[in-house]
Amino acid sequence: MDSVIMEDLLYLRVAGHYRRAIRSGVLAPGERLPSVRALMRLHQVSLSTALQACRSLEDEGLLEARPRSGYFVLKPRRVALQAVSEPEPGAAAMAPDPAPYSGIHDRVSDFVAKCERYPVVTNLALAFGAPEAYPQEALKNAALRALRRHPEVLVSPVPPQGDPGFRAVLARRAMAAGMSPTADEILVTHGCTEAINLALRAVAQPGDVIAVESPTYFGLLQVIESLGLRTLEIPTSPSRGMSVEALELAFQTHARIKAVVVVPNFQNPLGCVMPDAEKARLVALCEGHQVALVEDDIYGALSDDDLPLKSCKAWDRSGNVIHCGSLHKTLAPGMRVGWMIGGRWQARIRMLKHAQSRPNDALAQIAIAEFMGSSAYDRHLVRLRRQLKAQRERTAEAIAAHFPAGTRLNMPTGGMLLWVEMPGRRSSSEVFNTALQEGIRVAPGMMFSNAGRFDHCLRISCGAPFSERIETALTRLAQIVAAGLD
């Protein structure tokens, strides 16, 4: 093991030691951490390792650095806001919304056109990290090495399912999420959006019904509409994900449901995680009704506690789950590299991929395979998770401090999104329009459902490092929200 890898492992060990001490109360708020030089002696580490451990805990909001005094334990941040409302209990509230989704293209087009009309100063609508959150230099060097080692890559055809080395790395990484695919079962796609397109084209025909979470990502609704399919919205809990009971009711009352699409881990926009027992129930229910389960698991690697979250595919024994993944959130937003495991529809999906877009270029796959196949990828994920957690907490703190009384928000345990519920049924469309004119961009809740029940919500991204500019934007956004209340 080289010295760089060893130092990174040492800093994680030291940081973990003091993280546990702070969270258990052994080190109380206001107490001083041992000096950097004392840490070097206590843990037999270098100066850079000791500093990296302290800075990591500072990024997490556990320590603060005081000039010429050292590092001190911070008081735990407490968000003084209630959680987002759960779906109402009862059979009537459990019933899916029967309205087919229509007009989403017009709504998104209007959103995009308005965003282009006004220059953005602070963008709180992007659902991925800032460029500096990703290993730019390492990926560049991996791409250069790939070109040196494989100079023929730019003039040679790509295997139909993608680069074999990349698929082998993905297969090994999938084990952490409870899956055990072979490399041959993995098909590389142009991001997760193409994967979901292919999955729905494989299992449904125009006019068929697709069950989705409510609220759900508007990009999925665009895909469904573009394929001539209809959407059935299933009530979704901000703490437990899609209601399996409501989905079972939908199977009993809607004959043309051909697929269910879920984001089981850190769902967009709610940020919820389905408990493992609910994932297993969902897989069994869909299998029993012979309805395809399409899972989008692009956020699953972003859990705060570094423990891998299981995918729904982990419980699949019949090939009824189509698993879709991407590196758009975790590693390389600019590369648009995704993949899918097609289950019993694998052959049809391969044919549709060939007809729709042909294989992805190989250079990006070879470069990413080298990085993902090393411990550097694990270290990157640890840093990214810590950074996103700190940014979520700072953003939630600002919302709690500035938004009007009655505001609610979720506090997910991973990912990069906050779902804010405004008081007084405040219109997200009005808030969006006013904020946009002042250079503040947010994602209005009305875009995440056709039912109209989320127009009083906002999705706020925590992908960028928290700064004075972001706090100023959130303060002004809070004023805009408050100005429209009765």
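A crossing of two helices is called left-handed if the near helix is turned anticlockwise from the far one by less than a right angle, and right-handed if clockwise. Helices (H or I, at least four residues) and strands (E, at least two) are DSSP runs, numbered from the N terminus. The model is predicted, so local features need pLDDT of at least 70 and side-chain atom pairs count only at pLDDT 80 or more, while totals for chains, interfaces and linings use all residues. Residues are numbered from 1 along each chain as its sequence is written, and side-chain values use heavy atoms, with hydrogens and water left out.

The crossing of α6 and α13 is right-handed. Helix α6 (residues 136–149) packs against helix α13 (residues 362–372) at an angle of about 120 degrees, and their axes are 8 Å apart. Axes are lines fitted to C-alpha atoms, for helices over the stretch in contact, and angles run from 0 to 180 degrees between N-to-C directions. Contact means heavy atoms within 4.5 Å. Residues of α6 including Ala138, Leu139 and Arg145 meet residues of α13, among them Leu363, Ile366 and Glu370.

Eight strands make up an open sheet of mixed pairing, in the order β4-β11-β10-β9-β8-β5-β6-β7. Two strands pair if DSSP finds at least two bridges between them. Because β4 (186–189) and β7 (241–242) each have a single partner strand, one side of each is left without a neighbour in the sheet. Strands β5 (residues 209–214) and β8 (residues 257–262) pair in the parallel sense over four bridges, and Ala211 has Val260 in β8 as its bridge partner. Helix α12 (residues 346–356) lies across β4, β10 (321–326) and β11, at about 25 degrees to β4.
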